[in-house]
Structures are given as structure tokens and as C-alpha cells.
Amino acid sequence: MINLSGKIALVTGSTRGIGKATAQRLAEAGASVVVTGRSEDRAGEVAKEIAQSTGAKTFAVGLDIGSRESIEGAIKRINEEMGNVDILVNNAGVNRDTLFVRMKYEDWDEIIRVNLTGTFLVTQLVVKGMLKKRWGRIINMSSVVAFIGNVGQANYSSAKAGLVGFTKTLAKELAPRNITVNAIAPGFIETDMTENLPEEIKQGFLSQIPMNRFGKAEDVANVVLFLASELSGYITGEVIHVNGGLF
Ligand SMILES: NC(=O)c1ccc[n+]([C@@H]2O[C@H](COP(=O)([O-])OP(=O)(O)OC[C@H]3O[C@@H](n4cnc5c(N)ncnc54)[C@H](OP(=O)(O)O)[C@@H]3O)[C@@H](O)[C@H]2O)c1
């Protein structure tokens with residue numbers, strides 16, 4: 001039912017986890033997809049895999065969201081190779097957890113730079129093409145911790161809460177140009193990011209999830225697909241929670 005043929009999608013951090021599942025879903029719906037990660041080789045492998053399984057056009061580029069230079073170079077190459085992006089999924093993100101009293105300036109700075117400033121930089125470059133086309137979809141990956149907090153994540157939860165304000169403001173500024181801007185706040189999703197958490201922490205989260213299971217990357221990717229499509233055309237400035245009832 002959702003047909004994204006003719007659309008160009010950029011998913012940051014799509015070599016693994018939620019980003020990879022999202023790139024796959026958008027390609028299945030017919031979009032041409034740009035796969036990115038810090039390693040262009042790794043992104044290339046994933047892009048090839050997605051192209052083979054879906055028949056969609058894919059393009060891989062190395063994009064380190066923590067580096068302004070890398071972002072500028074990558075977006076220039078994407079514009080030259082694929083054209084202007086229609087669907088931007090700001091997914092790349094990292095955490096560096098430690099209790100607030102022990103948190104070093106570097107722990108704070110890196111997490112804000114990668115998760116929040118990187119999204120600002122990518123979006124500002126990509127939105128120019130959307131403004132010209134008078135159509136666009138921007139989807140920002142926030143987190144449940146932006147709403148409930150989490151011990152050891154003062155840096156990460158602040159960055160993810162910042163993305164909510166960013167989403168709501170851009171939604172108002174860009175709505176007259178037919179560009180929607182929404183956020184997704186995943187709960188506990190089984191990916192590399194959560195794999196290495198101590199078992200007691202995982203069980204602690206599980207006991208708070210009414211659906212009694214952790215989320216899968218596809219649970220989030222399905223919502224991205226909806227927000228990227230015409231079906232969600234009158235929704236902007238929203239945060240969709242994907243957490244099995246946790247919050
Ligand atoms: N998993 C969860 O429970 C959960 C919950 C709430 C929110 N989220 C958010 O959802 C998003 C995806 O998380 P995930 O669980 O799928 O994480 P993941 O499995 O760790 O994957 C992270 C992705 O981001 C990329 N990445 C990391 N640092 C990067 C950088 N500096 N520049 C560019 N790309 C970078 C990685 O690619 P390379 O390593 O190849 O560079 C990878 O593709 C993140 O924003 C995360 O904060 C996750």
C-alpha cells in the first residue's frame with residue numbers, strides 16, 4: 001500500500017540495528033536509499049545486501065555524524081550521485097553512560113555533538129533540496145529516556161530531549177512548504193546498543209514493559225515507513241512512542 005518509488009531516502013547510521021531495518025523497509029517500499037555509517041566499506045556491504053533483496057537503487061557513503069567536514073562531504077556526494085533527498089531519517093546515535101557525578105566534559109560533549117549537533121548539521125544541508133521540491137519528510141530518532149530519564153544517561157537523555165524541541169520547532173517552520181518533521185521515541189530495542197547491558201539491567205527494563213518483550217528494530221522501522229509516506233501527510237511535530245507500553 002505504501003509506495004515510495006521516485007523518492008530518495010537518506011538514513012544516517014544504517015549499517016546496523018534500527019537504521020539498517022529502516023533502510024530495508026524504505027527500499028522494500030520502492031525508495032532509493034542512501035546507506036551511511038562511519039565506514040564506507042561497511043555501508044557498501046549493507047547497501048549491496050539491501051539492493052539484492054529489494055531490487056531498489058542504493059548508494060553507500062561514509063558519514064561520521066560527529067564531524068562537520070564529513071557531513072558536508074557526504075551530503076555533497078549524495079546530491080551529485082542520487083539528487084536531493086526527499087526522506088531524511090536522522091537515526092545515527094551513540095551513548096556513553098556514566099553516573100552524572102563522574103561524567104567528564106568529554107562524555108557530555110561527544111554525546112551532544114553526535115546525537116544533537118550532527119542532526120542539526122545534516123538537516124540544514126538536506127532541507128534545502130526539500131524546500132525546492134516543496135515536499136519532504138524528516139524523522140528524528142529520539143528515545144523514551146528523553147521522557148522518563150535514566151540513571152547514567154544525563155548526556156544521552158539531554159541530547160534525545162533536545163531532538164524533541166528541534167522536531168517541534170522545525171515542524172512549525174517547515175509545514176508551509178509541505179515538509180513534515182516528526183520524532184520516534186523507541187523504548188528498549190534489541191540492537192548492538194542494548195546487547196551488552198548487564199543482565200539485571202535488562203531484566204529491570206523487561207519487568208516494566210507491559211508487552212513483556214523487548215522491541216525489535218523492525219518495530220521502529222515500520223513506524224518510520226508510515227511517517228515517510230503520504231499516509232502521514234497531516235501529522236507533523238509529533239513524537240511516536242514505540243515501547244510496548246513502557247511509557
Ligand atoms: N536500541 C535502543 O533500545 C534504542 C532506544 C531508543 C533510541 N535509540 C536510538 O535509535 C538510534 C539507532 O540505535 P540502534 O540501537 O540501532 O544503535 P546501534 O545498533 O548501535 O547502531 C548505531 C548506528 O549508528 C551508526 N553510528 C554510530 N556512531 C556514528 C557516527 N559518529 N557517525 C555516523 N554513524 C554513526 C552506526 O554505524 P557505524 O558503527 O557503522 O558507524 C550504526 O549504524 C540511535 O539514535 C539510538 O540512540 C535506540
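Helices (H or I, at least four residues) and strands (E, at least two) are DSSP runs, numbered from the N terminus.

A word on the source. This is a predicted model; local features need pLDDT of at least 70, side-chain atom pairs count only at pLDDT 80 or more, and totals for chains, interfaces and linings use all residues. Residue numbers start from 1 along each chain, as its sequence is written.

Now the whole chain. The protein chain has 9 helices and 7 strands. Its radius of gyration, taken over C-alpha atoms, is 17 Å. Along the principal axes, the C-alpha atoms fill a box of roughly 45 × 40 × 40 Å.

Burial next. Buried residues are 44% of the 247. Buried means 20 or more other C-beta atoms within 10 Å of a residue's own; exposed means 12 or fewer; partly exposed is in between; C-beta atoms are placed from the backbone.

Take strand S6 (residues 179–186). Is it enclosed or open? It is largely enclosed by the rest of the structure, because 8 of its 8 residues are buried. Ile179, Val181, Ala183 and Ala185 cover one side. Thr180, Asn182, Ile184 and Pro186 are on the other. In a regular strand, side chains alternate between the two faces of the sheet.

S6 has partners. Pairing takes at least two DSSP bridges. S5 and S6 run parallel, joined by 6 bridges. Ile139 stands opposite Asn182 there. S6 and S7 (residues 239–242) also run parallel, with 4 bridges. Here Ala185 faces His241.

Arg137 lies in S5 (residues 136–141). Buried or exposed? Arg137 counts as buried because 26 C-beta neighbours lie inside 10 Å. Beyond four places in sequence, Arg137 touches Asp86, Ile87, Thr180, Leu227 and Ala228. Contact means C-beta atoms, placed from the backbone, within 7 Å. Gly233 is 96 residues from Arg137 along the chain, yet their C-alpha atoms are separated by 9.0 Å.

Contrast Asp97. Asp97 sits in the loop between S4 (87–90) and H4 (105–133). With 15 other C-beta atoms within 10 Å, Asp97 is partly exposed. Asp97 touches Gly152, Gln153 and Tyr156, leaving out residues up to four places away in sequence.

Finally, the core. The largest nonpolar core has 68 residues. Such a core joins buried Ala, Val, Leu, Ile, Met, Phe, Trp, Tyr and Cys through C-beta atoms within 7 Å. Its most-contacted members are Ala9, Leu26, Ala31, Val33, Val35 and Val224. Helix H9 (residues 217–228) contributes its largest share, 8 residues. Beyond four places in sequence, the contacts of Val35 include Val11, Ala23, Val46 and Ile50.

Methods: Two residues are in contact if their C-beta atoms, placed from the backbone, lie within 7 Å. The radius of gyration is taken over C-alpha atoms; the globule rule is 2.2 Å times the number of residues to the power 0.38.
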